[in-house]
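Biologist: Please walk me through this structure, feature by feature. Give me the general idea, then the case at hand.

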Amino acid sequence: MMDWTDRHCRVFHRALTRRALVYTEMLTTGAVIRGDRERLLGFDACEHPVALQLGGSNPRDLAESAKIGESFGYDEINLNVGCPSDRVQDGRFGACLMMVPQLVGDCVAAMKAAVRVPVTVKCRIGVDNQDPEQALDVLARSVVAAGADVLIVHARKAWLDGLSPKQNRDIPPLDYGRVYRLKAAMPDVTISINGGIASIAQAKDHLRHVDGVMLGRAAYHEPWRLLAVDPDLFGASAPHASMHEAIESMYPYIERERTRGTRLHAITRHMVGAFHGVAGARAFRRALAENCVKADAGVEQLRNALKLIAPAETEGAAA
């Protein structure tokens, strides 16, 4: 979710669900160790529980980065072994690490030795011509033996040779059954599933077979779905009764961020899909694109955009 789940996105999503675990964008170990840590790692206290997602392949660097993340207050450190982008291939991390499971195990062991918070791994079922039955089993056993607390499996291969990162999100076929079989073979291991899951109803179906579900594009492009997470999955009330109320709750955060020099668009760009299928949604999106992008735009511009959607209309958005 690089360039998507930044801190503003996570604060917005937290206004929709108190219980779901939110993840940062993947940050490389080099950026964490040598970059502007406050800019890269800083987050609002309301985001808890929040996991720091790391990309890297050097056990020592990953251990140091995990320790830095823990010191910032992250609730979990996640090692990404599933991202197929060109950048991660060039840096020898992400999905290409599926081909060196022992190294991934070494990385997890180093991270576990450095921190007290959970260390988790996100992977694919295999890459290129690997046999998913063997490749996923070998990787899973390597990271579990090293102490990984949770394994999150994107239920499709990554084709590093021949497909673009965008194509890798859709073209390789989904194989949820492979993830179910892994859970059946490793019943004592906490295993979550990811990939192509488009609704909370689908998530509930998967939870009959695995321990957790990760939503990516569905949560981002149609964030209204997150209003159903707490009541449908956790038996708790949602933070707000409607998307309209959730966005209004963001006003104090936006005002604080504006005083720090953050442009309104950096926050509202994550709200484009807030009212999918609701009367006035197109006008709302147009207002975000035309008015909230201006350098001096503030809460008033968002308030005006929100007026284009009647509050009563938003009550059914998460249905």
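Modeller: Start with burial. Buried means under 20% relative accessible area, exposed means over 50%, and partly exposed lies in between, with a 1.4 Å probe and protein chains only. Of the 319 residues of the protein, 53% count as buried. This is a predicted model: local features need pLDDT of at least 70, side-chain atom pairs count only at pLDDT 80 or more, and totals for chains, interfaces and linings use all residues. Residues are numbered from 1 along each chain as its sequence is written, and side-chain values use heavy atoms, with hydrogens and water left out.

Biologist: What radius of gyration does the protein have, and what would a compact globule have?

Modeller: The radius of gyration is taken over C-alpha atoms, and the globule rule is 2.2 Å times the number of residues to the power 0.38. For 319 residues the rule gives a value near 20 Å, and the protein agrees with its 20 Å. Along the principal axes, the C-alpha atoms fill a box of roughly 55 × 40 × 40 Å.

Biologist: How many helices and strands make up the secondary structure?

Modeller: Helices (H or I, at least four residues) and strands (E, at least two) are DSSP runs, numbered from the N terminus. The protein has 17 helices and 7 strands.

Biologist: What share of the contacts comes from residues 24 or more positions apart?

Modeller: Contact means heavy atoms within 4.5 Å. Take the contacts with a separation of 6 or more: 72% of them join residues 24 or more positions apart.

Biologist: Now helix packing. At what angle do H6 and H7 pack?

Modeller: Axes are lines fitted to C-alpha atoms, for helices over the stretch in contact, and angles run from 0 to 180 degrees between N-to-C directions. H6 (residues 101–114) and H7 (residues 132–145) pack at about 25 degrees, with axes 8 Å apart. Angles under 35 degrees count as roughly parallel, over 145 as roughly antiparallel, 65 to 115 as roughly perpendicular, and the rest as oblique. H6 and H7 are therefore roughly parallel.

Biologist: Which residues of H6 and H7 make the contact?

Modeller: H6 brings Pro101, Gln102, Val104, Gly105 and Val108, while H7 brings Val138, Leu139, Ser142 and Val143. For classes, Ala, Val, Leu, Ile, Met, Phe, Trp, Tyr, Cys and Pro count as nonpolar, Asp, Glu, Lys and Arg as charged, and the others, Gly among them, as polar. The contact of H6 with H7 divides into 6 nonpolar, 3 polar and no charged residues.

Biologist: Is the crossing of H6 and H7 left-handed or right-handed?

Modeller: A crossing is left-handed if the near helix is turned anticlockwise from the far one by less than a right angle, and right-handed if clockwise. H6 passes H7 in a right-handed crossing.

Biologist: How do H7 and H8 pack?

Modeller: H7 and H8 (residues 176–185) pack at about 45 degrees, with axes 11 Å apart. That makes H7 oblique to H8. H7 supplies Pro132, Glu133, Leu136, Asp137, Ala140 and Arg141, and H8 supplies Arg178, Arg181, Leu182 and Ala185. By class, that contact has 5 nonpolar, no polar and 5 charged residues.

Biologist: And where do H4 and H6 meet?

Modeller: The axes of H4 (residues 59–72) and H6 come within 8 Å and cross at roughly 35 degrees. Pro59, Leu62, Ala63, Ala66, Lys67 and Glu70 in H4 meet Leu103, Asp106, Cys107, Ala110, Met111 and Ala114 in H6. By class, this contact has 9 nonpolar, no polar and 3 charged residues.

Biologist: Is aspartate 128 buried or exposed?

Modeller: Aspartate 128 is buried, with a relative accessible area of 15%. Aspartate 128 lies in the loop between strand E4 (119–124) and H7. Asparagine 129 lies in the loop between E4 and H7 too, but counts as exposed at 70% relative accessibility. Leaving aside residues up to four places away in sequence, asparagine 129 touches Lys157 and Trp159.
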